[in-house]
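I opened the model today to look up a few strand pairings, a single side chain and a pair of helices. My notes follow in the order in which I checked them.

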Amino acid sequence: MEALFTLPQRGMAVLAGFLAGHPQLCAWFTTGVRFVFPVLALLILIRQIRSLLTVPCVPEVWAYLSLPSGLGEPLTHWENILGRGASCDVTLAYPVVSRQHAALIRGEDGGWTVYDLNSKGGVTVNGAAVAGQSPLAYGDVLGLGGVETVLLPASAEDKTARRERAKESRPASPWPGLVLLTVFQGLCALQLTIAAGTEARLVLPSAFLCLALVMWVYFLAMRLLRRVGFEMETIAFFLSTLSLAVTASSAPDALFKQFLALLLGLVLFVVLGVFLRDLRRAQKIRWLMAAAAMGLVSMTLVLGAAPQFGAANWVRIGALSLQPSELAKICYIFAGAATLDRLFRRRNLGLFILLTGVCLGSLALMSDFGGAAIFFVTFLVIAYLRSGDFATLALICGGGVFAVLTVLSVKPYILRRFAVWGHVWEHASEGGYQQTRAMSAAASGGLVGVGPGEGWLHRVGAADTDLVFGMLCEEWGLVIAVLAVLCVCTLAVFAVRSCRAGRSSFYVIAACAATSMMVFQTCLNVFGSVDILPLTGVTFPFVSNGGSSMLASWGLLAFLKATDTRPQASFAIRLPSRREERGSAGLAPRSIKNREETP
């Protein structure tokens, strides 16, 4: 049994000895692979980015409202606002109709429900007044202030168009990118082993091998479950590969822990994505998620520990360190997102503002102002999507500025931390030490970098977390560093485009909030390391070394995945069983839900 463990170690020792005895061969390999990495990265990512950016986000027709004029108005969302206002999904230009008169919402079972949005003229179904809400079946007469409409099912032409759309929006095949990414990971592991020399350990190639195995198992399992559309996951695995490489260069002892965090993040991604299928179930735990968000950020106030003048946002349990505020991001977005009927049932933002206040207050007391800024920007996005009230948001921003000024007066040392912003070279040995080193290392990397493991920036504090963009530029080159930023931007653009065809406001709000959080965090990390913005100590999603950050990144990606309306691509859409598919061919009857959702 002992031989099973000693044999790989001996093989690693032999490999290290061989590499040490052939320095010229290693130098040639490092020189050549520096130019291979950018080419592989471009081949991997261009296909994924192009596929996400060219997805035809065409609204799907779920039913029709027959208007008094004789025209049929299509219902292109699961949640539709009916009213006189121009911003409504179905505009009824009648004086007796309120600006936002009613909400017509499709349930998970395919049935429809109408909600009266406190209209002046009232809502009726088949002549009976509606008090709050009422189910609505196909053929029922819906009255809005006396204006009568009829709910009609989607036509056969619409279902045919949906099937044609499914063919046109077929995602790119994942296999070429997966093969190239596996080659990328193998070359990366070999190069890092060469760079480590005689200090190379078995955990280094093992981490990349395990990552490749996990990646292939995930893709094959999803294909067996008839899922398609893996562009987001491919991008996430590529960025995670860079994370393992950065960790191997700067903190080899933490390599296994980082891989384990990646694996747990993937599990969280799948579990959260499957959970998001059922909006009713998601809404039931919103209070639990709000309590979890407040509990996570508050827990750090009691258990957190950090050096003087640092952010006390870490909790250490033995050898394990955890950043609860990272995990609180997922709970915060989950609690902030809401379905349309919930939005109109509770128009005010009081409870959500209270949740945000607790989170921001706790982060401010921890001196984690980078995290507080991310939460505040995310709050503004969610608050606007929930209310659309610029006046309220302006008042909240004014209050936020006042709170920041108050904190700076209480903790003046925080202001001194930002005093070098914009002129770090004048304080290169003091407050600007980290940024000047990051910019120097980035400049030395050029377009293709000096090679993974061959740089020197990893010797500077926080090089693999706050300054990871500089480390990417140095070891991997400007091409790959820019591609990493472009990956996050692509996810954001896809989320915004897909929201136009979003089926529920819950998915739209959650995706926009997760996107804003990832983009703003990336901007703070990248611009902070090159002195365009103050260095706030936030991580680069998926890339920075840190288990909590990796878990949060995969969790946020689940909200973006839920907005993908392509057939068989989104977690938010339940696939029909094979028995139901046989029923669609005439062997068995199908429910309304399956008739509408099967492409």
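I began with Ala103, which I found standing opposite Tyr115 in β6. The model is a predicted one, and I read every entry below with that in mind.

**Entry 1: the hairpin.** I followed strand β5, residues 102–106, along its pairing with β6 and noted five bridges in the antiparallel sense. The two strands form a hairpin with five residues between them, and in the turn I noted Gly110, whose phi is positive at about 90°.

Entry 2: I then asked which strand Tyr115 meets through its bridge partner Gln133, and the strand is β9. Strand β6, residues 112–116, and β9 run antiparallel and are joined by four bridges. I also checked how covered β6 is, and recorded that four of its five residues are buried.

Entry 3: Stepping back, I wrote down an open sheet of five strands in the order β4-β3-β5-β6-β9, with mixed pairing. At the edges I find β4 (90–91) and β9 (133–136), and because each has a single partner strand, one side of each is left without a neighbour in the sheet. As a reminder to myself, strands of a sheet pair through backbone hydrogen bonds, either parallel or antiparallel.

Entry 4: Is Thr490 buried or exposed? Its relative accessibility is 2%, and the cut-off for buried is under 20%, so Thr490 counts as buried. I located Thr490 in helix α18, which spans residues 478–499. Leaving aside neighbours within four places in sequence, I found Thr490 in contact with Ile49, Leu52 and Leu53.

**Entry 5: two helices.** Last, I looked at helix α9 (residues 286–303) and helix α10 (residues 324–336), whose axes come within 8 Å and cross at roughly 155°. Angles over 145 degrees count as roughly antiparallel, and α9 and α10 are therefore roughly antiparallel to each other. The crossing in which α9 passes α10 is left-handed. From α9 the residues I listed include Met289, Ala293, Leu296 and Val297, and among those they meet in α10 are Leu327, Cys331, Tyr332 and Phe334. Sorted by class, the contact of α9 with α10 comes to 14 nonpolar, two polar and one charged residues.

Methods:
Residues numbered from 1 in each chain as written. Predicted model: local features only at pLDDT ≥ 70, side-chain atom pairs only at ≥ 80, totals over all residues. Heavy atoms only, no water. Pairing = 2+ DSSP bridges. Buried < 20%, exposed > 50% of the residue type's maximum accessible area, 1.4 Å probe, protein only. Contact = heavy atoms within 4.5 Å. Axes fitted to C-alpha atoms, helices over the stretch in contact; angles between N-to-C directions. Parallel < 35°, antiparallel > 145°, perpendicular 65-115°, else oblique. Left-handed = near helix turned anticlockwise from the far one by under 90°. Nonpolar A, V, L, I, M, F, W, Y, C, P; charged D, E, K, R; others polar.
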